[in-house]
Number of protein chains: 2
Amino acid sequence: MYVSLKDVGAHAGVSFQTAGKVLNGRAVAVSSDTRERIHSAAAELGYVPNVLARSLITQSTCTIGIVADDLNDWALARFVVGAEREARRRGHAVLIATVPDADPDAEGPVRALIERRVDGIIAAAPKLEHDTRVAKLLTGRVPAVSLHHVPGGGVPVVGSNHRRTGRLATAHLARLGHRRIATVTGPAHRRVVASRLRGYQDALAAAGLEADPALVEESDWSSASGHAATMRLLDRDPEITAIFAQSDLIAVGVLSALHQRGLAVPDDCAVVGCDDLPLVAHTIPPLTTVHLPFYETGERAIALLLDRIAQREAVPERVLLPVELVVRASCGAGGVPADPGS
Amino acid sequence: MYVSLKDVGAHAGVSFQTAGKVLNGRAVAVSSDTRERIHSAAAELGYVPNVLARSLITQSTCTIGIVADDLNDWALARFVVGAEREARRRGHAVLIATVPDADPDAEGPVRALIERRVDGIIAAAPKLEHDTRVAKLLTGRVPAVSLHHVPGGGVPVVGSNHRRTGRLATAHLARLGHRRIATVTGPAHRRVVASRLRGYQDALAAAGLEADPALVEESDWSSASGHAATMRLLDRDPEITAIFAQSDLIAVGVLSALHQRGLAVPDDCAVVGCDDLPLVAHTIPPLTTVHLPFYETGERAIALLLDRIAQREAVPERVLLPVELVVRASCGAGGVPADPGS
DNA sequence: CTCCTGTAGGCGAACGTTCGCCTAGTTGGT
DNA sequence: ACCAACTAGGCGAACGTTCGCCTACAGGAG
């Protein structure tokens, strides 16, 4: 099927090892005549090196495995794109394994990556943050870097400062004079959710406001459940004048619930999201949100992983990338209308 | 680093080939005693089979390559998820290569997949639909299935019926009595765009309306450019009472532009999108859209590819999956308010 | 005692590379 | 004319598997 070095060598009248040295290897003492013959033989036969065979002997596949929750999540997808780009830039390919929601047995997928002898693994599956069996695979067998906490430690984590995210969003609302600031969180058992909630509480405390549990509602990150959570919130406390949504998707649901209740945004109720999906610059009204550097996080994760693999260099246990408040109209102050040019 | 069959064999007191037969191979005549010894040796040493070596001899990597445009596109990401799931279900891993927008040299990425000896390639990069060099790689070297048209033919295409999509959306608007129906398209050089536009024109003709070029505006699929295109449309023709957006992202921009102009949806202007992003059930108002089966398309593409690889069976040149109109409030008729439960 | 059959497992070859060492032939110096 | 040094390329081994054939031994039938 495929042409091998043996074929090329025979066709060019040299040993296959020499052909290999010329085509794939580094500098080698070969006359420019035979070099030419080898190259043209390779071109003529359509030789494509077999990286598998190479990997077998070099003990390195130049392939990184990514185990991800679910690429339907825009944020995660963006992270993966960043990672893939950086990996390619540094000469590595990316093998991807997603973990089904239905059957969260991530051991199979991870094991499949290891069987293929990936040089390292990026874990991007918050769903697995409590999975000790996967944690064991990740700490023992193969170098890894994670987007989420891995039980037992030993795996460097790269991400953004979630506590600061919650603080930034909430402080903005407090600064605008809001007193009853509610929040719609993601699933409570997630660490991100706890961190953002802590940031929310930090900001309340800093503004001299008390954290009222009645102002906190949980969702599953979706717009639909953000919508439902907002309804519960408004039923319980009609005095709410601001809502911090723990994701932009949730925020879309919040906006639609407020609209359905006849509450104007930002006049009756201000809203802040987080993630900075491209389209939230065009919600009605445009959404103030916290920009999270997903793409850069992906790049950084790969960079960290490859450094760790290559130089056995000490890699920081934890890298947090900066987040940034993006002010738009949904909070009323300093908000700009949708910018058609961006 | 890794434990090999040789180690396991030595530890169990059998030849490495026998260990291999017991651990990875099919049925083999071995006493239950040695079988036991081999298994416990493998467990104790932590043996993990080396799929690379296996692939070298079996001439099959059980790996599928996907070359994709850009996973930031929700639709494409969803397609990839569907493909990955189906591949895993059928025992294959997925190697992914994205094509940077900046440097659209897709030959490198595709070649990298081939060097890794993937069993087949899924092309999911509409951006490459005019790239003849990539087309050559895809038709010659390795079995492929594509999401987009591949110049020269010979590569089965799986997707949805774009013409019908345009027709469905537009016919719905015509049926509601709209006479000046505009459309915001994606980039004009794309085949999808042309197909959907043809569907749009079909529906206009069927309703006895004439296709006015002044009612067509182009965008780059983004909300921002959908917003801008709508502004141009409204400037040119204030009589427009309905807009068909060629994607939901565009539709979000359309909604925001209409809102900015003080036009009520659906009373002053109806809007239909397409894709059926989860969040458009919660735009203001909820968006009527055409549901496209991205996930199923991904599954189907893999199924087709594996069938083609395995049985050398004749595979249909073209598979179109059905699309479906999802009626919500943005057209006014039969629209339901956001359903918090879904 | 020989022959046949069955069982348990060994053994060599191959897949397509990389890598380091080896060798045949040519120069150059003295 | 002899030896050293260089040049151009060959060669064997190894990476970790799979695969098919081979062998050693045991038991039973004739």
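This is a predicted model: local features need pLDDT of at least 70, side-chain atom pairs count only at pLDDT 80 or more; totals for chains, interfaces and linings use all residues.

**Where the two chains meet**

Author: Strand 2 of chain A and strand 2 (residues 93-98) of chain B pair in the antiparallel sense, over three bridges. Here strands (E, at least two residues) and helices (H or I, at least four residues) are DSSP runs, numbered from the N terminus, and two strands count as paired if DSSP finds at least two bridges between them. Within this pairing, Val94(A) has Ile96(B), in strand 2 of chain B, as its bridge partner.

Residues are numbered from 1 along each chain as its sequence is written, and chains are lettered from A and ligands numbered from 1 in the order in which they are written.

The contact as a whole takes 54 residues from chain A and 54 residues from chain B, two residues being in contact if their C-beta atoms, placed from the backbone, lie within 7 Å. On the side of chain A that touches chain B, the elements giving two or more residues are helix 4, helix 5 (74-89), strand 2 (93-98), helix 6 (107-115), helix 10 (223-236) and helix 11 (248-260) of chain A. Sorted by class, that side has 33 nonpolar, 15 polar and six charged residues, where Ala, Val, Leu, Ile, Met, Phe, Trp, Tyr, Cys and Pro count as nonpolar, Asp, Glu, Lys and Arg as charged, and the others, Gly among them, as polar.

The two copies meet through the same surface, because 98% of the interface residues of chain A are also interface residues in chain B. Chain A can be laid on chain B with an RMSD of 0.0 Å by a turn of 180° and a shift of 0.0 Å along the axis, and the two copies are thus related as by a two-fold rotation axis. Such a superposition is done by least squares on the C-alpha atoms of residues with pLDDT of at least 70 in both copies. Of the residues of chain A, Leu95(A) comes closest to the rotation axis, with its C-alpha at 2.2 Å.

Helix 4 of chain A, already listed on the side that touches chain B, also gives the largest share, five residues, of the surface near DNA strand C. A residue is near a strand of this kind if its C-beta atom, placed from the backbone, lies within 6 Å of it. Of the 25 residues around DNA strand C, those that come nearest are Leu5(A), Asn50(A), Ala53(A), Ser15(B) and Gln17(B). Helix 2 (16-23) and helix 4 (51-58) of each of chains A and B supply at least two residues of this surface, which has 12 nonpolar, 12 polar and one charged residues.

For DNA strand D, the nearest of the 25 residues around it are Ser15(A), Gln17(A), Leu5(B), Asn50(B) and Ala53(B). Two or more residues come from each of helix 2 and helix 4 of chain A and helix 2 and helix 4 of chain B, and here it is helix 4 of chain B that gives the largest share, five residues.
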